[in-house]
Amino acid sequence: MDEAVAAGPERLKDPDPEVRYRAVTLLDAERDLERVLESLSDESWRVRKAAVERLVGLADPERAIEGLLLRLRDADDAGARNSAAEALARLGPPAVGPVTARLKDPDCDVRKFAADVLGELADPSSVPALVEALRDADGNIRTAAAEALGKVGGDPAAAALEDAIARGDRMLQLAALDALGHLGKAPPIAVLAPLAKDKYLRRAVLRLLGVVAGRGSVELIAEGLRDPSKSTREAAFEALALQAQRFGERGVQGFAQAVKATAKSTAKLATLAREMLLAGNALAIEGAMRVLGVTGEPADAAAVVRAASDESLKEAALDALRGMGAPAGPALLRALPDLLPEVRPLAIRALSQLREHSATPALVELAREGGEAERALAVEALGALGDPAAIQSLARLLEDPALCGEAARALVSLAKADRDAVREACKGKLGGPASASAVRVLGRIGTPEDLPLLKTALRSEHTEVRLAAAEAAQTLGETGAEELLRLALADEAPPVRAAAARGLGAFPSEETFAALGEALDDREASVSAAAADALGELGETRAIEALTRAVSRGESQPGTPEVLPAIAAVRALSRLSAATPALLARAVAHPDPEVVKEAVAAAEALPDAGEVLLAAARSARWDVRRAAARALAARGDRSLLAPVREIARAERDPLAAEAFAEAVRVLEARPSRD
C-alpha cells in the first residue's frame with residue numbers, strides 16, 4: 001500500500017479497520033492533531049490504541065490535553081472516553097493540573113474519569129483534591145477517589161482513607177479498605193475488628209489483616225478461615241500467606257499460637273486447608289500450606305508438594321513439611337514415584353530436610369536413573385542425610401562427569417558420619433576415571449597419611465589428576481604438603497603450577513620464598529600472577545623489588561592474560577605496604593584498565609596518593625574514571641574538591657558522571673581544614 005495514499009484523511013473513514021489503523025500510524029500528528037483525536041472514537045480498538053500512541057508521542061503533548069478532556073464528556077462513546085483517559089494517564093505531570101480541575105466538573109461521569117486518571121498518574125500533588133472528592137455527593141466518585149488514593153499513596157492519603165472508614169458509608173468503606181490494603185497500611189485492630197463482622201466488608205478486612213502484626217489480627221484471620229463462605233475463607237487464607245511473607249516466622253508462629261488456643265477446631269481447619277490446596281489462587285494456596293504446617297497430618301505431605309507446581313510456592317511448601325515434622329517423611333517417600341516431574345525435586349529437598357534416612361535407597365536410584373535436575377538434587381540430599389549407606393554409591397558417581405562435583409561434595413558431607421569409610425571409598429577410585437574427584441575429596445577430609453597418595457597422583461599422566469593433587473595438598477594443609485606443592489611448581493602444565501603457587505602462600509619458609517621468586521618469572525602469566533599473590537600473602541618484603549618489576553608486565557599486550565602478573569603485583573605490593581604513590585603512578589599509566597583499577601583501589605587509603613586518583617580520573621576509559629570517582633568519594637579528602645569539580649563538569653559518560661557527582665557531594669560535606 002502506498003504510504004502517501006494510506007495517510008490521506010479519506011482513509012480514516014475507510015470501512016476496512018486495517019486501512020484506518022495504517023492511516024493513523026502514518027498521520028502527521030503534529031499537523032493533524034484534530035484528526036488523531038477524532039480517531040479515539042473509532043470502532044476498532046487497534047485504531048484507538050494507535051491514536052493514543054500518536055498523542056503520547058507528540059513533541060508537546062500538552063497540546064492534546066484539552067481535546068482529551070473534551071472526550072471525557074462523550075457519554076455515548078465509551079471507547080473514546082476510555083482511550084482519552086488512557087492517553088491522559090500516560091501524559092504524566094502535564095496532565096495532573098487539568099485533570100485535577102475536572103474533579104469539580106458538573107458532570108459526574110467526568111469527575112469519575114478524572115479520579116481514575118489521577119490514580120494512574122499517581123502524583124502526590126493530587127492528594128488534597130482526591131481527599132475532598134471522598135465527600136462527593138456521588139458514591140461512585142467517592143469510591144473512585146478512594147481507589148485513586150490507594151494508588152497515589154503516602155501518609156496523607158492513608159490518613160484520609162482511615163477517616164473515610166469511620167463515616168459508615170459501606171461502599172466507601174469497602175473501597176478505602178481495599179486501597180489501604182494496596183498501600184500495605186492498616187488502621188488499628190480496634191477499628192478493623194467490628195468491620196470484620198460485616199459480611200459486606202469481611203473479605204476486604206481479612207486481606208488488610210495480612211499486613212497487620214500481632215495476635216489480634218491473627219485471631220481474626222483464624223476466625224475467617226472458619227467462615228461458611230468459600231470466598232471469605234479464601235481471603236483469610238490469602239491474609240495468612242501475607243502474614244507469613246511480611247512477618248516471616250513471627251507471623252507463622254502467631255498463627256500457630258492462635259490455632260492452639262482454639263484446639264477444638266484444628267481438624268476442621270485442616271480439612272478446609274486441604275480443599276483450598278485445589279484453588280486457582282496461589283496466595284490462598286500458600287495460606288493453606290501454612291495452615292497444614294500447623295494442623296496437618298503426615299498424609300498431607302504429598303498433597304502439599306503436588307500443590308506447589310508454581311515456583312513461588314516451593315518455600316512455603318517446604319516450611320509446611322518441616323512444620324509437619326519427621327512423620328511426614330515416610331508418607332512423602334511413598335508418594336515419590338507418583339509425583340509429577342515438576343514437583344519431584346521439591347520432594348527430594350524435603351526428604352533431606354526431614355532427615356528421612358529410609359529414603360536413601362530411593363535417592364540412590366534417582367541419582368542413577370532420574371532426570372538431570374533430579375539426579376543432582378538426589379546426590380545433594382544423600383550428602384545432607386548423612387547416611388553412611390550411601391557412601392559406595394556416591395563413590396561410583398565420582399566417575400560420572402555430569403555428577404562428579406556434586407558427588408564429591410556429598411562425600412565430604414558424609415565424612416562427618418564416617419570419615420574412614422569415605423577415605424577408603426575414595427582410595428579405591430584412585431588410578432581410574434574418578435581419580436581427580438577422589439583426590440579432591442581426600443584433600444578436604446584426609447589426614448597426613450594420605451600425602452603419599454597425593455604425591456603419587458602428582459605423577460599421573462593426566463593433567464586433571466595432577467591439578468587435583470596440587471589443590472588437595474593446599475586444602476589438606478598438613479605438614480608435608482609444602483614439599484608436595486614445591487614439586488607441583490615444576491609441573492609441565494601451567495594450571496598445576498599456578499595451583500601450587502597459590503597453595504604455597506600458606507607455607508612461609510626459605511625454600512618456599514625461593515621457589516615463588518622463580519615462579520614470579522614464569523613464562524605463563526597465570527603462574528606468575530599466582531606467585532605474586534602468594535608472595536603478598538607470605539608478607540615477604542624481600543620480594544618487593546621483583547614485584548615492582550612485575551608491575552610493568554603486559555604493557556605491550558593490554559587486554560590479554562599477560563597483564564595478570566601486573567594486577568597481582570600491585571595487589572601484593574599494597575598488602576606489603578610497599579605501594580608507594582610513585583609506584584601507583586606508574587601503575588595508573590599502564591595501558592590495561594584492570595591494572596589501573598587495581599592501582600586505584602590501592603591508592604584509595606594511601607596517604608599522598610590523591611594525585612594518583614586524579615590521574616586515573618582523567619583516563620580515557622569511562623570505567624576507570626568511575627572507579628577513580630568512587631575512590632575519591634571514599635577517600636573524603638576535601639583538598640581535592642576543586643579538581644574533582646572540574647573533572648565532574650567535563651564528564652560526559654552518564655555512569656561516570658553520576659559517580660563524580662556523588663564524589664563532589666561527599667567532598668563538599670567534609671569539614672574544611674582551613
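Modeller: Happy to! Let's take helix 23, residues 344-353, which is mostly covered, with eight of its ten residues buried. Here, buried means under 20% relative accessible area, exposed means over 50%, and partly exposed lies in between, using a 1.4 Å probe and protein chains only. Helices are DSSP runs of H or I with at least four residues, strands are runs of E with at least two, and both are numbered from the N terminus.

Before going further, please keep in mind that this is a predicted model: local features need pLDDT of at least 70, side-chain atom pairs count only at pLDDT 80 or more, and totals for chains, interfaces and linings use all residues. Residues are numbered from 1 along each chain as its sequence is written, and side-chain values use heavy atoms, leaving out hydrogens and water.

Back to helix 23: its buried residues are Arg344, Pro345, Leu346, Ala347, Ile348, Ala350, Leu351 and Ser352. The cover over them includes helix 20 (301-306), helix 21 (314-324) and helix 22 (328-335), along with helix 24 and helix 25 (372-385). Contact here means heavy atoms within 4.5 Å. Just after helix 23, arginine 355 takes a positive phi of about 60°.

Helix 24, one of those covering elements, spans residues 360-369 and holds glutamate 369. Why does glutamate 369 count as exposed? Glutamate 369 does so because its relative accessible area is 58%. The C-alpha atom of glutamate 369 is 69 Å from that of arginine 31, and the two residues are 338 residues apart along the chain.

Now zoom out to the whole protein chain, which has 42 helices and zero strands. Of its 674 residues, 53% count as buried. Among contacts with a separation of 6 or more, 62% join residues 24 or more positions apart. The C-alpha atoms fill a box of roughly 95 × 75 × 65 Å, taken along the principal axes.
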